[in-house]
Each structure stands twice: as structure tokens, then as C-alpha cells.
Amino acid sequence: MRAAPESQPAAVDTNPARQNQILYLAISVLAVAGVLVSAVSLQRHYAKSASAFCDFGERFNCDIVNRSEYSTVMGIPVAAIGIVGYGFLLARATVYRSRPSTPLQLLAAALAGLAFASYLTYIEGSVLETWCILCLSSLALIAVIAVLAGVLKVKADPSR
């Protein structure tokens with residue numbers, strides 16, 4: 001009788017270049033999602049009517065957040081800043097990914113975006129006392145991008 005074949009562990013790709021390619025692809029996909037979320041937020045910022053898709057009562061209402069006094073910085077809508085920021089991340093993760101400075105630039109931009117999103121989340125919870133699903137989605141996206149960019153930076157560090 002033949003012995004039953006042993007279960008083989010799933011193959012893990014140990015090729016560093018392939019791993020980096022996957023990280024850049026993941027950052028790119030998340031950045032595109034960030035651009036889309038920010039674009040919807042920008043549309044809601046300028047909309048004249050209320051939207052039902054993001055209105056879950058007094059505690060969850062994107063329109064209240066996106067039209068508050070905190071929705072602009074020096075007259076620029078926060079959502080537009082998000083579009084530019086995610087666009088920068090997308091460009092770095094695609095067009096400019098072969099540059100040696102890209103992992104550091106991705107990490108710096110993602111951490112700056114995460115800090116800004118965290119501040120805005122604090123404003124939502126403590127000042128406005130209303131949550132925006134779009135804003136929370138953006139916070140989650142930039143947090144994951146920051147982690148992935150951190151992994152890329154660690155992998156790119158020649159002193160390891």
C-alpha cells in the first residue's frame with residue numbers, strides 16, 4: 001500500500017522583487033480606492049441636496065461632516081486634498097516605483113495622510129459628534145497604505 005501523500009504547506013513567494021511588486025500593486029489599488037472615496041466626498045461637499053446613502057441618523061451623516069467648517073483648509077476642500085494625496089501615492093507606486101527614493105516618499109506621504117485623517121477623525125468624534133462613513137473609509141485606506149509603505153521601506157533599507 002502506498003502511504004497517503006503528506007500535506008505540503010502553501011508555497012510562499014520568497015522573491016523580493018516579486019514581493020515588492022505585490023506591495024506596490026496593493027498600494028496602487030488602495031490609492032485608487034482613496035481617490036474614489038475622496039471624489040465622492042468632494043461631490044458631497046458641493047452638493048446642495050442631502051444624500052441618503054450616507055445618512056444613518058444624527059451620529060452618522062457624511063453631509064454634516066463634509067459641509068462643516070472643518071471640511072476646508074484655507075478654502076480648499078479636505079476631499080480635494082485627499083484626491084491629490086492619493087494621486088501622489090498612486091503615481092509613486094506606479095510610474096515612479098523604480099526610483100530608490102520612492103519607498104521613503106511613500107511612507108512619508110502615507111504617514112502625513114494618516115496624521116491628517118486621524119486629526120479629522122478626532123474632529124468628527126469630539127467636535128462634530130457625527131461620523132462620516134466616507135471619512136472613516138479613507139482613514140482605513142490610508143492606514144493600510146501606511147503599513148504597506150512601511151514594509152516597503154524596511155525591505156528597501158540597505159542597512160538591514
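Colleague: In which loop is glutamate 129 found?

Modeller: This is a predicted model, in which local features need pLDDT of at least 70 and side-chain atom pairs count only at pLDDT 80 or more, while totals for chains, interfaces and linings use all residues. Residues are numbered from 1 along each chain as its sequence is written, and side-chain values use heavy atoms, with hydrogens and water left out. Helices (H or I, at least four residues) and strands (E, at least two) are DSSP runs, numbered from the N terminus. Glutamate 129 is found in the loop between α4 (102-128) and α5 (133-156), and its phi is near 55 degrees, a positive value in a residue other than glycine.

Colleague: Is glutamate 129 buried, exposed or partly exposed?

Modeller: Buried means under 20% relative accessible area, exposed over 50%, and partly exposed in between (1.4 Å probe, protein chains only). Glutamate 129 counts as partly exposed because its relative accessibility is 47%. Methionine 74, in the loop between β1 (72-73) and β2 (76-77), counts as exposed because its value is 79%.

Colleague: How does one describe two packed helices?

Modeller: One gives the angle between their axes and the distance between the axes. The axes are lines fitted to C-alpha atoms, for helices over the stretch in contact, and angles run from 0 to 180 degrees between N-to-C directions. Helix α1 (residues 16-46) and helix α3 (residues 78-93) pack at about 160 degrees, with axes 8 Å apart.

Colleague: What is the relative direction of α1 and α3?

Modeller: Angles under 35 degrees count as roughly parallel, over 145 as roughly antiparallel, 65 to 115 as roughly perpendicular and the rest as oblique. Helices α1 and α3 are therefore roughly antiparallel to each other. Their contact residues divide into 14 nonpolar, six polar and no charged (Ala, Val, Leu, Ile, Met, Phe, Trp, Tyr, Cys and Pro count as nonpolar, Asp, Glu, Lys and Arg as charged, and the others, Gly among them, as polar).

Colleague: How far apart are the axes of α3 and α4?

Modeller: The axes of α3 and α4 are 10 Å apart, at an angle of about 160 degrees. These two helices are therefore roughly antiparallel as well. Their contact residues comprise ten nonpolar, two polar and one charged.

Colleague: Against which helices do the buried residues of α5 pack?

Modeller: They pack against α1, α2 (62-66), α3 and α4, where contact means heavy atoms within 4.5 Å. Among these buried residues are Leu134, Ser138 and Leu141.
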